[in-house]
Amino acid sequence: MPDVVFVFEVHQPYRLARNVYQRLVERALRGELTPRDVEEALFDQPLNKLVMERAAAKCYVPATQIVLENINRYKDWDRKFKVTYSVSGVFVEQAKRWAPQVIELFRKLAETGLVEFASQTYYHSMVAFLGVPEYRELVEQVTEHRKLMEEVVGYRPTSVENTEFSYNNDIAAVFAGLGYKVVLTEGVDRVLGWRSPNYVYKAYGSEIRVLTRNYRLSDDVGFRFSDRNWDQYPLTADKYSAWLAATPGDVIMIAVDYETFGEHHWPESGIHEFLRWLPGEVLKYSNLSFSTPSEVVDKYPARDVFDVPPWSSISWADERDLSAWLGNSMQQASMKALYDLYYYVVALDEPGLRRLWKLLTISDHLYYQATKFGSIGEVHAYFSPYKNAPDAYALFMEAVGVLSVLVADSIARNPRGFARRFKTPPEKAFYFYSPLEGFIGLRASSLLELADQVRAVPDDIVLFHARRGDFSSWVRNVFMLGDLADRISEAEKREPREAKELIARYVREYLGA
């Protein structure tokens with residue numbers, strides 16, 4: 001008796017604006033330029049408002065009303081209608097601002113007790129693949145999202161998905177450590193092999209349970225519903241229910257973008273009527289019932305282990321890998337730019353800068369930069385507000401440039417405070433080398449570590465680095481502290497023993513340590 005789990009992915013990005021510098025100048029002329037002013041200049045809020053209002057009218061309001069009506073229609077039945085929503089934090093922000101009626105409908109859904117809200121990254125981002133140690137940014141964004149769900153709909157999620165169902169064993173372990181009991185991902189054939197997506201699995205290396213999307217049945221609704229060339233067109237509620245009833249397994253997870261219901265398939269296609277009649281048609285079959293992710297993992301045992309190594313990460317997009325966001329050099333350069341800025345933004349600890357950086361992690365910025373061909377390329381073009389991938393890349397890097405200037409200005413305002421907090425990423429640490437033996441196994445990731453270690457290493461190593469100006473170059477180029485770098489440059493001209501003491505002393509004096 002399979003349980004049908006309907007999952008609706010609800011997300012709208014903040015789209016980047018053109019003429020950013022002109023917009024910044026216009027705002028600066030009105031007064032002091034705050035991070036909020038920069039945010040309004042970086043993002044095309046008129047376009048974001050237009051898309052949100054249009055999607056609310058065509059999809060979010062009517063579709064949610066239909067779901068709510070069906071929940072109430074079958075609430076007294078032994079087998080009730082249940083659904084699950086995964087709503088990004090940036091969607092909630094925009095809905096509050098431009099379509100508050102949608103938030104009210106979500107609250108009504110939560111009040112029924114028959115709707116589960118899953119966690120995801122607040123900014124619908126790909127930060128799980130940023131390369132930050134211990135997945136710190138992933139943890140922060142998922143925790144921020146869970147708090148938002150509690151505040152907005154009064155629901156504390158116990159199920160979770162990473163953005164766009166992207167997944168690997170490490171991500172599952174992170175979610176397990178955060179207390180989630182089930183993670184949602186794609187039923188990728190190369191991972192499942194001979195196995196079916198219609199069972200509960202256990203993540204490799206942790207005890208968290210895994211539900212895998214039945215992408216064939218999901219895409220019948222999400223992609224093929226309006227396709228008049230499809231041999232199963234038109235798709236009706238009774239036909240689809242018969243397919244579900246004939247599907248073997250313990251659980252059938254159908255996960256689609258919520259915009260399927262009115263935006264991707266317009267109301268004229270009959271998609272709303274399909275949604276309206278589907279619950280009743282499903283419940284005609286005695287072997288079918290509706291459930292939520294958290295319920296089915298309590299009901300059914302894990303049948304096997306779901307093993308996805310980090311180097312083979314999966315998603316529900318394109319070729320079911322990460323190529324939709326990280327498949328070309330532009331996308332990889334964009335992610336590298338975010339990575340490079342991350343450590344500076346964290347050290348500065350300014351909420352406005354932190355938020356701007358997080359907004360640039362929204363996965364759609366990378367998605368628009370994809371260079372795919374054929375039907376997959378057409379999907380990317382459909383969603384993109386830009387004329388092509390290079391255009392999207394140029395706008396993104398322009399936004400990164402604006403944030404970089406703000407970061408540099410912030411460092412200049414409080415260089416000592418920044419210097420005390422900043423720890424470099426591994427590739428920008430200071431590595432101590434011997435001219436004969438190479439790397440000696442010591443590295444400094446902060447100025448304080450440099451002060452401690454420069455005193456401890458042999459004189460010949462200090463001489464090697466000092467003659468090349470390595471110490472002052474590191475302080476100048478990585479920490480952007482020109483005045484301290486100048487003092488260290490003078491110390492580098494002294495004899496090794498004196499240079500060691502001077503460098504350590506100058507650093508400690510600068511830090512007030």
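**Note on a buried helix and selected backbone features**

1. In this predicted model, helix α4 has the following buried residues: Gly-89, Val-90, Phe-91, Val-92, Glu-93, Gln-94, Ala-95 and Trp-98. Helix α4 spans residues 89-98, and because eight of its ten residues are buried, the helix is largely enclosed by the rest of the structure.

2. The surroundings of this helix comprise both strands and helices. The strands against which the buried residues of α4 pack are β1 and β2 (83-87). The helices are α3 (45-73), α5 (100-111), α6 (136-153) and α15 (351-360).

3. A cis peptide bond joins Tyr-233 to Pro-234, its omega lying near 0°. Pro-234 is placed in the loop that runs between α9 (215-222) and α10 (237-245).

4. Asn-19 is not a glycine, yet its phi is positive, near 55°. The residue belongs to the loop between β1 (3-10) and α1 (20-29). Asn-19 has a relative accessible area of 52% and is therefore classed as exposed, the cut-off for that class being over 50%.

5. Asp-318 likewise carries a positive phi, here about 50°, without being a glycine. Its position is in the loop between β10 (304-306) and α13 (323-326). Is Asp-318 buried or exposed? Its relative accessibility is 17%, so Asp-318 counts as buried, since that class requires a value under 20%.

Note on methods:
Residues are numbered from 1 along each chain as its sequence is written. This is a predicted model: local features need pLDDT of at least 70, side-chain atom pairs count only at pLDDT 80 or more; totals for chains, interfaces and linings use all residues. Side-chain values use heavy atoms; hydrogens and water are left out. Helices (H or I, at least four residues) and strands (E, at least two) are DSSP runs, numbered from the N terminus. Buried means under 20% relative accessible area, exposed over 50%, partly exposed in between (1.4 Å probe, protein chains only). Contact means heavy atoms within 4.5 Å.
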